Amino acid sequence: MNDSKEGIPSKVPEVALAFWIIKIAATTLGETGGDAVSMSMNLGYLVGTAIFGVLFAVAVIAQIRAKKFHPFLYWTTIVATTTVGTTLADFADRSLGIGYAGGTTILLALLLGSLFVWHRTLGSVSVDTVSSPKAEMFYWVTIMFSQTLGTALGDWTADTAGLGYLGGVFVFFGLLAVIVAAYRWSKLSHSLLFWSAFILTRPLGAVVGDLLDKPHAAGGLALSRYTASAVLLVFMAVCIQFFPQRPATRSH
């Protein structure tokens, strides 16, 4: 069964070029913002996760209770998932000693499990069906897992795999280009390709964020985390204000 009726507007935005531009900015902001709280403020990963976890819960509740799609509320919730994903992944990988490979494997299993249960329960994982509280809960849980997975995957690529932050940027841009090509010229499921691209934008944002704020000795540009976060926040606000932000609608 489907939990959304034909023609009912979704509570999430239509997937277009503006969506991906803002999404990449949001994932990068999640990295710089999460690091600013946990590292620059010296609060640690656990306290940072608790702070952003509360913000995430408040944002999701507001999003679910909203009667229609609100662009600024939606993207605030996305940013909340990226920041808590950053600190949670760092806490698991570094503080708990699970490691990047172990954290990536666990989170990938959780993500695939979330998508599987969502599809079995509602019959679709397409974003244009996200118009009911039940569908939204699956949507945001899945996004939470994907954002946390992306942080661990980005760190693994840059550090464990030894590609560095700039190398990670090229890798994830290349993988996204492959998905775009598949979307245009293959018959693969658009829902599958969407979630693949959605997941990959997070490690891309993670390595871009690290490239911006990590010290020169670590291969970064050593920019202030606070400045980088503020610039990204303003950029997102401008994009949301001036780029079309329409809710997705079921067309079939």
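**Close-up views of helix pairs, cores and loops**

**Helices α4 and α5 make a left-handed crossing.** Everything shown here comes from a predicted model, where local features need pLDDT of at least 70, side-chain atom pairs count only at pLDDT 80 or more, and totals for chains, interfaces and linings use all residues. Residues are numbered from 1 along each chain as its sequence is written, and side-chain values use heavy atoms, with hydrogens and water left out. Helix α4 covers residues 99-122 and α5 covers residues 133-160; their axes come within 8 Å and cross at roughly 160 degrees. (Helices are DSSP runs of H or I with at least four residues, strands are E runs of at least two, and both are numbered from the N terminus.) The axes are lines fitted to C-alpha atoms, for helices over the stretch in contact, with angles from 0 to 180 degrees between N-to-C directions. That makes α4 and α5 roughly antiparallel; the cut-offs are under 35 degrees for roughly parallel, over 145 for roughly antiparallel, 65 to 115 for roughly perpendicular, and oblique for the rest. Sorted by class, 19 nonpolar, 8 polar and 3 charged residues make up the contact of α4 with α5. Here Ala, Val, Leu, Ile, Met, Phe, Trp, Tyr, Cys and Pro are nonpolar, Asp, Glu, Lys and Arg are charged, and the others, Gly among them, are polar.

**Helix α3 passes α4 in a right-handed crossing.** The two axes come within 8 Å and cross at roughly 130 degrees, so α3 is oblique to α4. Look for Ala 92, Asp 93 and Arg 94 on α3, which meet Gly 99, Tyr 100 and Gly 103 on α4; contact means heavy atoms within 4.5 Å. The class tally for this pair is 2 nonpolar, 2 polar and 2 charged residues.

**Helices α1 and α7 also cross, and this crossing is right-handed.** Their axes come within 7 Å, at an angle of roughly 45 degrees, and the pair is therefore oblique. On the contact side you'll find 10 nonpolar, 7 polar and 6 charged residues.

**The largest nonpolar core holds 43 residues.** Such a core is a set of buried Ala, Val, Leu, Ile, Met, Phe, Trp, Tyr and Cys residues joined through side-chain atoms within 4.5 Å. (Buried is under 20% relative accessible area, exposed is over 50%, and partly exposed is in between, using a 1.4 Å probe and protein chains only.) Tyr 74, Trp 75, Ile 78, Trp 118, Tyr 139, Trp 195 and Met 236 touch the most other members. Elements giving two or more residues are α1 (17-40), α2 (44-65), α3 (71-95), α4, α5, α7 (190-213) and α8 (225-242). The largest share, 8 residues, belongs to α5. Zoom in on Met 236: leaving aside residues up to four places away in sequence, Met 236 touches Ile 22, Ala 25, Ala 26, Leu 29, Trp 75 and Val 79. A second, separate core has 13 residues, including Tyr 165, Ala 182, Leu 193 and Leu 211.

**Asn 42 is not a glycine, yet has a positive phi of about 60 degrees.** Asn 42 sits in the loop between α1 and α2 and is exposed, at 66% relative accessible area.

**Ala 222 has a positive phi of about 60 degrees too, again without being a glycine.** Its loop is the one between α7 and α8, and Ala 222 is partly exposed, at 38% relative accessibility.

Notes. Left-handed = near helix turned anticlockwise from the far one by under 90°.
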